[in-house]
Amino acid sequence: MGYLSSCNAESAISTCDSYNLTKKSLSNPQNKQFKLRKFRFADLESATNRFSESNFLGKGSHGSVYRAALDGGALITAVKRTTVNHSPERNTAASPAENEIETLSRVRNPRLVNLLGFGTDPIDGRKLIVVEYMPNGSLYDLLHKNDTRTFGLSKRVRIAIQVAKAIHHLHTSNPPVIHRDIKSSNVLFDGKWNARLGDFGLALRGHVEDVKVQCTPPAGTLGYLDPCYLAPGDLSAKSDVFSFGILLLEIFSGRNAIDLRFSPPSVVDWAVPIIRSGDYSEIFDRNVDVTADETAVRMLAVLAARCVRSTAEKRPAMAEVVQCLTAASKRLTSQVWNGFGRVRRRVRVTSPPLIEYEALVESTETVIVSSRRVRKVSGVTSEQVKGRSDGGCVGRSRSIGSVDEIGFGPLDGMKCGVSVKGMMSRSKSTGELQKRYGGIVLQMIRNPNVRELESSKLLVRFR
Ligand SMILES: Nc1ncnc2c1ncn2[C@@H]1O[C@H](COP(=O)(O)OP(=O)(O)OP(=O)(O)O)[C@@H](O)[C@H]1O
C-alpha cells in the first residue's frame, strides 16, 4: 500500500488563516498550529486572472506557475497548476503535485518555500498547489542570467548556508525528507533576498527502509544526480549532499552543472581535479575576490569536493556542511571588518557618481591623472596641480617620513583636490633625501556640497 494512501494531503487540512503565517510562526518548526487552506478553484482562477500570461511566472516539468492575488489582493501567492492529470480513479500512485502537497504539509520552515494550501480543478481533478510567492527569482537566474560582478564570495556563502540549513532541516525531520531535486532553479529568493528551497515534487518523506522509499524509482535532474543512486534501495540523505555539492560548485564557479561549451562539460569533472591539485582559488568565478582569505577559500573548495565524493558514505552530513560553511563565512566576515577602513575608503558609495581617477608617476613629480570612466587622460604635474589650484598648496611636508601635497583646482574641467602621499628616505649611497614611493588620494568636489574621497591602491611610484 502506498504511503500516500494512508496519509494523504487532505488529511492535513482544516481551515487556516494564512495571515498568521508570520516569520515567528514559521521559524518554529514544531509549530503545529498552521493548517492548510483548501482553495476553491474559482478563487484561484480569478486570483490568477484566469491563469493569464501576465501572471505567468514560469514553467517546470510538472506544470506552470502563476502569481495569484488571493483574498482581495491581501495575500500574494504562487499557484502551481500541474499538467499531470491525477483523478482518483486513475491509479494509486501519487502525482508529483500530490507528493508535494503531502510532503510540504509536514515540513514547515522559514528556509523553505512553504505550502499555503491547494485546490482541485473540478473538470479534470488536477491539483493546484498554493505556495508562498518568491518575488526575486531563482538562484539559477542570479548566477546565469545576471551580471555577477557584485556577487561576492560572502554573499555566495551566505546563500549556500541558507540552502544547507534548509536541507539539514529536511534531513532531521521525523521522518526525514530527502528532497531529491536540489538545484539552482529550485532555490528561490524571498522579498528580503533570503534563499528558500522549493519544488518538493520528487521529495520522499520516510525512513530509507520504508516501503515507499524502497519502491520509488530513482529521480532527479541530470547534472545534479548522485551517481551512486541507481536503484530505489541506494537512496540516502547523502544523495542530497551530492546534489548540494554540485550546487556549491555552481555557486562558487558561476558555471552550470552541465555546460557543453566547456570541456569537460560537467562542473564536477572540471572542478574536482583542480581542487585535488591544490589550486583552490581556480574554481572560483573571476568576479570573486579569492584573496580575501585563503583559508576560507580552501575550506569552501574542499567542502564542495567532499560533498561530491563518489562514495556516498564519505560525504559529510548536512550538519557538518552547515558548520563548515558557517566557519568559512565567519572568516570572510572578519576579513571585511579587519580591512574595513581600507575597504570603506576604496569602495565608498558615491552619490553623485564618483569618477575614479588613477594616478601614476611618469617621472619625479609628474603625475598622470586619468579618468577611467570618462576615458580622458591628462598629464598633470604636481606643480600644475598647485599652479591651477584655487587655494594653492595647502599642506606639504618634506621631512623623512610621509609627504603630503594637497592642491585644489579644476582638472578635466572639474573642481577637485589632489593629495599626493609619498615617503621620504635618505639614499644609502649618496645620503640625499629621496621621495621613494607613495599612494595618491584624490578628493573630488563635483558638487561643492558633496565630498567624496577615493583612495587608490599604491599607484604612485616616485623615482
Ligand atoms: N513560489 C514561487 N514564487 C515565484 N516564482 C516561482 C515560485 N515557484 C516557482 N516559481 C517559478 O516558476 C518556474 C517553474 O517552477 P517549477 O518549480 O515548476 O519548475 P522548475 O524548478 O523550474 O523546473 P522542474 O520542474 O523541471 O524542476 C520557475 O522559473 C520558478 O522561478
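Predicted model: local features only at pLDDT ≥ 70, side-chain atom pairs only at ≥ 80, totals over all residues.

Q: Where is arginine 180 found?

A: Arginine 180 is in the loop between β7 and β8 (187-189).

Q: And what's phi of arginine 180 near?

A: Phi there is near 70°, a positive value in a residue other than glycine. Most residues other than glycine have a negative phi.

Q: Which loop holds aspartate 199, and what is its phi near?

A: Aspartate 199 sits in the loop between β9 (195-197) and β10 (204-205). Its phi is near 60°, again positive in a residue other than glycine. Aspartate 199 counts as buried too, with 26 C-beta neighbours inside 10 Å.

Q: OK, peptide bonds now. Which bond into proline 175 is cis?

A: The one from asparagine 174, with omega at about -5°. Proline 175 belongs to the loop between α6 and β7 (177-178). There's also a cis bond from serine 263 to proline 264, with omega near -5°, and proline 264 is placed in the loop between α8 and α9. Most peptide bonds are trans.

Q: Let's do helices. How do α6 and α8 pack?

A: Helix α6 (residues 153-171) and helix α8 (residues 237-253) pack at an angle of about 170°, and their axes are 11 Å apart. Angles over 145 degrees count as roughly antiparallel, so that is what α6 and α8 are to each other.

Q: Which residues meet there?

A: On the α6 side they include Arg156, Ile159, Val163 and Ile167. Among those they meet in α8 are Asp240, Phe244, Leu247 and Leu248. By class, the contact of α6 with α8 has 11 nonpolar, 1 polar and 2 charged residues.

Q: What about α8 and α9?

A: The axes of α8 and helix α9 (residues 267-276) come within 10 Å and cross at roughly 75°. That value falls in the 65 to 115 range, so α8 and α9 are roughly perpendicular to each other. Ile246, Leu249, Glu250 and Ser253 of α8 make the contact with Val267, Val268 and Ala271 of α9. Its class count is 5 nonpolar, 1 polar and 1 charged.

Q: How many residues are in the largest nonpolar core?

A: It has 88 residues, and Val163, Leu248 and Ala304 have the most contacts inside it. α8 gives the most to this core, with 10 residues.

Q: Where does this core lie relative to domain 1 and domain 2?

A: Between them, because domain 1 (37-84 + 94-132) and domain 2 (137-337) both give residues to it.

Q: What is leucine 248 in contact with?

A: Setting aside neighbours within four places in sequence, leucine 248 is in contact with Ala160, Leu303, Ala304 and Cys307.

Q: Switching to aspartate 279: buried or exposed?

A: Exposed, since aspartate 279 has 11 other C-beta atoms within 10 Å and the cut-off is 12 or fewer. Aspartate 279 lies in the loop between α9 and α10 (294-307). Aspartate 279 and arginine 298 are 19 residues apart in sequence and 8.8 Å apart in space, C-alpha to C-alpha.

Q: Last one: how many helices and strands are in the protein?

A: The protein has 13 helices and 19 strands. Of its 463 residues, 37% count as buried.

Definitions and conventions:
Residues numbered from 1 in each chain as written. Axes fitted to C-alpha atoms, helices over the stretch in contact; angles between N-to-C directions. Helix = DSSP H or I, 4+ residues; strand = E, 2+ residues; numbered from the N terminus. Parallel < 35°, antiparallel > 145°, perpendicular 65-115°, else oblique. Contact = placed C-beta atoms within 7 Å. Nonpolar A, V, L, I, M, F, W, Y, C, P; charged D, E, K, R; others polar. Core = buried A, V, L, I, M, F, W, Y, C linked by C-beta atoms within 7 Å. Buried ≥ 20, exposed ≤ 12 C-beta atoms within 10 Å, placed from the backbone. Domains from an automatic or database assignment.
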